[in-house]
Amino acid sequence: MFTDLILKLIILIVGVVFVLSAVIIFLRLKNVNRAERIQIFKTAEYFNVWIILVCFVTTMVYGVFNHFQLKKSVHAIVSLNYSEASQAHNSNGTRYNMAEVLCDEVVEKAINNGALQNVTVKQLKNCLVVYPCVQGGVGDESEYHISTEFAVEYHASKDTAHLDADNVINLITSAYKEYYIEKYTDNFKLDSEKPDFAQMEYMDIVSYLDKETQSILNYLYGMAEKNNSFVTENGDTFNSIAGKVHQFNETQINQNLRSLILQNGIVRNKNEYIDRLAYQNKNVDFDRQKNDASYNLCNEAIDMYSEEMTRVVLVPTWDETGKYYMGRTKVGVDELSVLATSFSDNVASNEKEIMDNNLILNKIAQANEINEISSSADSLIESIYANIKSFEKEAINAGREYSRHKMNQCIAVSIYGASLVSELKSLVLFAVFTYLTFIVYKISKKFPKKV
């Protein structure tokens with residue numbers, strides 16, 4: 001604020017001297033004739049040592065304050081280098097919004113990341129502006145343009161004068177990258193609230209834990225398809241993390257926990273759980289009967305086809321070169337065979353589910369209530385849940401690390417401050433203007449006040 005005031009004062013003083021000198025010359029021109037005017041301008045000292053010295057000192061003072069003032073302003077170019085940007089979309093296909101570069105979340109994140117003191121989100125946001133580098137028009141189709149480069153400018157105010165301009169613009173652009181990654185790139189998160197395992201049956205807990213690990217595996221396998229060779233800072237790949245999660249699921253959940261519960265028939269509410277499993281078996285058996293009936297129906301329909309017809313069916317057709325040949329085509333038997341296979345698989349799945357439920361029912365019926373085993377199962381459940389959350393965090397960190405790696409290539413940031421050339425150009429222009437001002441002032445003194 002102080003440097004800006006001094007800079008404006010210097011320019012104002014020089015400008016006022018120039019204007020007053022020009023006004024004096026204009027008003028006193030009538031006091032001399034044409035020959036005298038020419039003589040005044042001819043005899044004027046255009047290369048006066050004192051004028052050059054004063055001009056030099058004034059220009060140096062201006063240059064120092066101008067340099068400090070320019071250091072308070074800086075701008076950056078944010079370039080979007082992914083294919084969807086040319087259609088004004090984010091990387092996930094949603095509409096791109098330029099205003100999010102300077103939204104409250106981004107500015108607040110920048111303040112927190114940089115631990116900026118004595119500045120609020122509103123104060124810092126008032127010093128920032130964003131706009132597309134190339135503006136399009138709507139008057140004609142030739143004027144249509146979707147910009148993929150956006151300029152972000154920072155100009156310090158009295159509330160932010162204590163902050164380093166380069167640091168501020170760096171923090172803003174870095175915070176925007178983090179915001180973009182969290183909102184528009186691959187994100188993964190399990191249930192945030194921990195379930196009350198004390199209110200769940202033990203076999204339901206096994207199913208829940210298995211579902212959670214499968215969710216992590218699906219995310220990791222999906223990321224591995226995008227980039228199979230990506231390596232995290234810890235030296236892991238998506239497939240290696242998935243391998244650890246799969247091994248944990250097989251040993252700790254499907255073998256240790258499930259076996260402990262099944263072999264000892266551990267249950268919280270024996271009668272209620274037995275009734276529930278019996279009801280499930282009835283529903284599954286009903287589905288099994290429907291699938292079995294459909295399977296038999298398909299086989300009966302297949303038997304109705306003539307054997308000669310189902311051996312091979314050739315129809316005249318032609319290839320890409322236009323030559324005719326006899327090609328085999330599908331008949332109804334092919335479709336029915338596929339349907340029969342599908343119904344057969346469904347029957348097998350239904351029967352397996354009924355057998356699994358019957359096994360659980362038998363184990364529960366034979367078991368006695370043992371508090372020590374229940375306590376062991378509860379401890380193992382808590383341990384498994386903690387490990388699943390650890391795997392979730394590892395998967396999320398790997399995914400975000402990959403997203404940052406990808407976004408560093410897709411979102412490029414170039415930061416520009418005041419160049420030396422522009423400073424020198426401004427200094428030269430001010431020096432010329434100042435020198436002309438003092439020359440005009442000295443000439444104005446030679447014009448008489450009266451005729």
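Modeller: Helix α11 gives the largest share of the lining of the largest cavity, three residues. Helices here are DSSP runs of H or I with at least four residues, numbered from the N terminus. The model is a predicted one, in which local features need pLDDT of at least 70 and side-chain atom pairs count only at pLDDT 80 or more, while totals for chains, interfaces and linings use all residues. Residues are numbered from 1 along each chain as its sequence is written, and side-chain values use heavy atoms, with hydrogens and water left out.

The structure holds one cavity of 30 Å³ or more, and the volume of the largest cavity is about 40 Å³. On a 1 Å grid over the protein atoms alone, a cavity is a set of points where a 1.4 Å probe fits but cannot get out, and lining residues have an atom within 4 Å of a point; points join across faces, edges and corners, and the volume is the space filled by probe spheres set on them.

Around the largest cavity stand Met203, Ile261, Leu262, Gly265, Ile266, Ile360, Lys363 and Ile364. Two elements, α8 (238-264) and α11 (332-366), each give two or more residues to this lining; by their numbers, Ile261 and Leu262 fall in α8, whereas Ile360, Lys363 and Ile364 fall in α11. Six of the lining residues are nonpolar, one is polar and one is charged.

The largest pocket has a volume of about 410 Å³, a pocket being an open set of points with protein on both sides within 12 Å along at least five of seven lines. It is lined by 16 residues, and Met203, Arg258, Asp356, Asn357 and Ile360 lie nearest its centre. The pocket lining divides into seven charged, six nonpolar and three polar residues.

Key
Nonpolar A, V, L, I, M, F, W, Y, C, P; charged D, E, K, R; others polar.
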